[in-house]
2 protein chains.
Amino acid sequence: MTEPRFDVVGIGNAIVDVLAQTEDDFLASHDLNKGTMTLIDADTAGKLYDDMGPAIECSGGSAANSIACLASLGGKGAFIGKVRDDQLGEAFRHDIQTLGVAFDTPFAKDGVSTARCLIFVTPDAQRTMQTFLGACVELGPDDVDEGVIADAQVTYLEGYLWDPPKAKEAFVKAAKLAHDADRQVSLSLSDPFCVGRHRAEFLDLVNDHVDILFANEEEILSLYEVDDFDAAMQKVRGHCKIAALTRGPKGSVVISGDEVHVIDPEPATPVDTTGAGDGYAGGFLYGLTQGFDLAKSARIGGIVASQVIGHVGARPDIPLKNIVEKALS
Amino acid sequence: MTEPRFDVVGIGNAIVDVLAQTEDDFLASHDLNKGTMTLIDADTAGKLYDDMGPAIECSGGSAANSIACLASLGGKGAFIGKVRDDQLGEAFRHDIQTLGVAFDTPFAKDGVSTARCLIFVTPDAQRTMQTFLGACVELGPDDVDEGVIADAQVTYLEGYLWDPPKAKEAFVKAAKLAHDADRQVSLSLSDPFCVGRHRAEFLDLVNDHVDILFANEEEILSLYEVDDFDAAMQKVRGHCKIAALTRGPKGSVVISGDEVHVIDPEPATPVDTTGAGDGYAGGFLYGLTQGFDLAKSARIGGIVASQVIGHVGARPDIPLKNIVEKALS
């Protein structure tokens with residue numbers, strides 16, 4: 001077998017983030033559920049944007065953020081996701097391609113605009129997300145390029161893809177193609193409420209189709225409907241080849257069969273936690289596809305997450321390669 | 001006379017900034033003149049954007065940034081400038097209106113897109129700007145609302161307006177309306193090369209039409225074609241009622257007739273100097289229109305500038321009111 005063209009191909013909702021600093025009062029007065037992601041329609045997005053303070057726009061999307069981090073580390077990434085041919089779609093395309101990521105999903109030529117995620121960052125650095133899926137609902141199985149999937153060591157899927165109906169079909173097709181080509185399938189559970197919406201299907205995926213699972217503590221508790229981390233960890237054990245469970249300031253735990261690693265967090269000064277989990281997954285998958293062991297891969301994940309949360313926005317603001325090399329040396 | 005509705009109305013190019021961290025090599029290989037603003041056409045903007053790293057988008061424009069700072073301090077601001085009815089134009093409108101600034105210039109319904117300024121931020125926190133003026137070229141005298149000008153204590157104009165031909169007419173009309181209503185006219189010289197392009201006209205403006213002048217050291221040296229700051233300062237003395245001259249890490253000097261104030265800089269950790277001068281002008285005009293003396297107004301200008309350069313982007317990322325009150329207490 002020749003060397004694969006890509007280390008990881010990510011499939012996800014292609015979203016531009018609209019970020020504003022916000023006081024806690026705003027969340028309360030607008031019934032926003034702190035720390036989570038809620039789907040909203042275009043009208044609600046318009047009204048909420050009217051009430052939102054001055055914002056900045058930057059490319060986001062969970063799997064896209066992970067692939068951006070992987071590329072910034074020097075990994076070979078590809079991304080599949082749907083934007084419209086509008087200014088935000090063009091910015092999304094620019095930001096990921098300029099990192100060297102292969103992104104060739106055709107733009108939607110009509111219909112709703114590129115997806116936006118209104119992100120309210122509170123003084124505690126927590127982020128609360130309200131997503132208008134926009135053109136993401138147009139992503140379907142036809143957008144999944146068989147050649148790309150077959151030529152990537154890992155196909156990485158975000159749980160959020162389970163929300164737009166056609167994207168779920170793309171998800172299933174990609175997972176099947178990857179396994180048919182003897183590649184690995186990775187899934188991020190994305191959000192505890194997203195797990196709640198699709199628990200039965202996610203359990204089936206984790207039991208039978210996912211090789212590498214990413215989840216934070218809330219998500220894995222939600223998946224197994226248990227109350228403590230250790231219980232959830234025992235449940236996931238044996239179901240996926242690898243489960244990487246993030247615990248915010250408590251670090252992460254990686255489980256693979258009998259192998260268990262408890263990894264300390266990296267030092268961080270949180271400004272905006274948007275993208276922390278995405279960064280961890282991108283760093284971990286970079287390590288794994290470079291052939292590093294699980295503990296080192298988890299450490300790279302933690303280093304990337306700590307960089308991402310140190311500034312506003314979900315993606316690294318400077319190249320990650322040197323940062324990680326320095327931290328590991 | 002009833003109390004004016006506005007403290008300051010700004011007239012300027014309405015621009016969305018596209019900011020990326022860049023190495024010095026990039027400037028050299030693309031013949032970019034560090035620390036300055038260069039006008040580029042749509043094709044050049046497209047090519048340069050292709051080469052630019054991952055970016056974030058945030059509202060900019062010199063006078064618009066100043067008015068945003070004034071509003072964030074609690075001042076009553078208005079802004080006149082032209083965007084198109086596209087996604088970037090909508091973001092520009094949102095970001096300034098949400099601060100409470102009156103912004104009612106009609107959107108351009110056709111023609112070129114909203115203006116973009118590609119900003120390359122080097123590791124020394126210096127910014128190098130390449131501006132595609134886009135819809136700004138559509139701003140003309142008809143967009144200058146006589147009622148707004150007459151009802152603002154100060155009409156604040158950016159020197160960059162001298163670049164698009166029709167905007168110059170808007171500039172001249174606004175200055176005349178302001179003086180006819182016994183209001184004050186303020187000008188920022190914007191950029192040393194902008195001064196070079198329009199020196200004779202700027203000298204005429206400063207000599208006969210401007211009450212409050214803002215310039216940084218390079219700009220005032222360029223205006224009078226002299227080599228040292230003191231020489232420039234002696235030249236400007238007596239021409240405007242007030243000249244506020246900024247000197248970066250050396251602080252600022254304010255001259256008004258026989259009154260001269262030399263103001264120390266505020267402590268700052270520069271990350272991105274984009275908008276430093278705009279912030280100073282916004283803070284200074286806020287102080288002045290609140291009835292504070294020149295020294296206190298200059299100090300507020302310095303505090304705002306130090307806040308703005310502490311993060312990526314030209315506008316404050318948190319409300320300025322408390323910051324300034326705390327710094328002055």
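Predicted model: local features only at pLDDT ≥ 70, side-chain atom pairs only at ≥ 80, totals over all residues.
User: Thanks. Which exposed residues sit on the face of α8(A) turned away from its buried side?

Analyst: That face carries A:A200, A:D204, A:N207 and A:D208.

User: And which residues of that helix are buried?

Analyst: Within α8(A), residues 199–208, the buried ones are A:F202, A:L205 and A:V206. They lie on the same side of the helix because the arc they cover around the axis is only 95°.

User: What covers them?

Analyst: The cover includes β10 (184–188), α7 (192–197), β11 (212–216) and α9 (217–224), which belong to chain A.

User: New topic: how many residues are in contact between the two chains?

Analyst: On chain B there are 23, in contact with 22 residues of chain A. On the chain B side, β4 (56–59) and α4 (87–97) each supply at least two residues. The largest share comes from α4(B), with five residues.

User: Nice. In what sense do the β4 strands of the two chains pair?

Analyst: β4(A) and β4(B) pair in the antiparallel sense, over three bridges. For instance, A:C58 has B:I56 as its bridge partner.

User: What's the strand order of the sheet around them?

Analyst: It is an open sheet of 10 strands with mixed pairing, in the order β3(A)-β8(A)-β7(A)-β2(A)-β4(A)-β4(B)-β2(B)-β7(B)-β8(B)-β3(B). The β3 strands (37–39) of chains A and B stand at the edges with a single partner strand each, so one side of each has no neighbour in the sheet. On average, neighbouring strands are turned by 25° against each other, direction ignored.

User: How many bridges join β2(B) and β7(B)?

Analyst: Seven, and these two strands run parallel. In β7(B), B:C117 is the bridge partner of B:D17.

User: Back to α4(B): which strands does it lie across?

Analyst: α4(B) lies across β4 of chain A and β2, β4 and β7 of chain B, at about 55° to β4(B).

User: Last one: which residues have the most contacts inside the largest nonpolar core?

Analyst: They are A:V9, A:V101, A:A174, B:V9 and B:V101, in a core of 218 residues. Leaving out residues up to four places away in sequence, A:V9 touches A:A78, A:I80, A:V148, A:I149, A:A152, A:T155 and A:Y156.

Definitions and conventions: Residues numbered from 1 in each chain as written. Chains lettered and ligands numbered in written order. Buried ≥ 20, exposed ≤ 12 C-beta atoms within 10 Å, placed from the backbone. Helix = DSSP H or I, 4+ residues; strand = E, 2+ residues; numbered from the N terminus. Arc of directions from axis to C-beta. Contact = placed C-beta atoms within 7 Å. Pairing = 2+ DSSP bridges. Core = buried A, V, L, I, M, F, W, Y, C linked by C-beta atoms within 7 Å. Axes fitted to C-alpha atoms, helices over the stretch in contact; angles between N-to-C directions.
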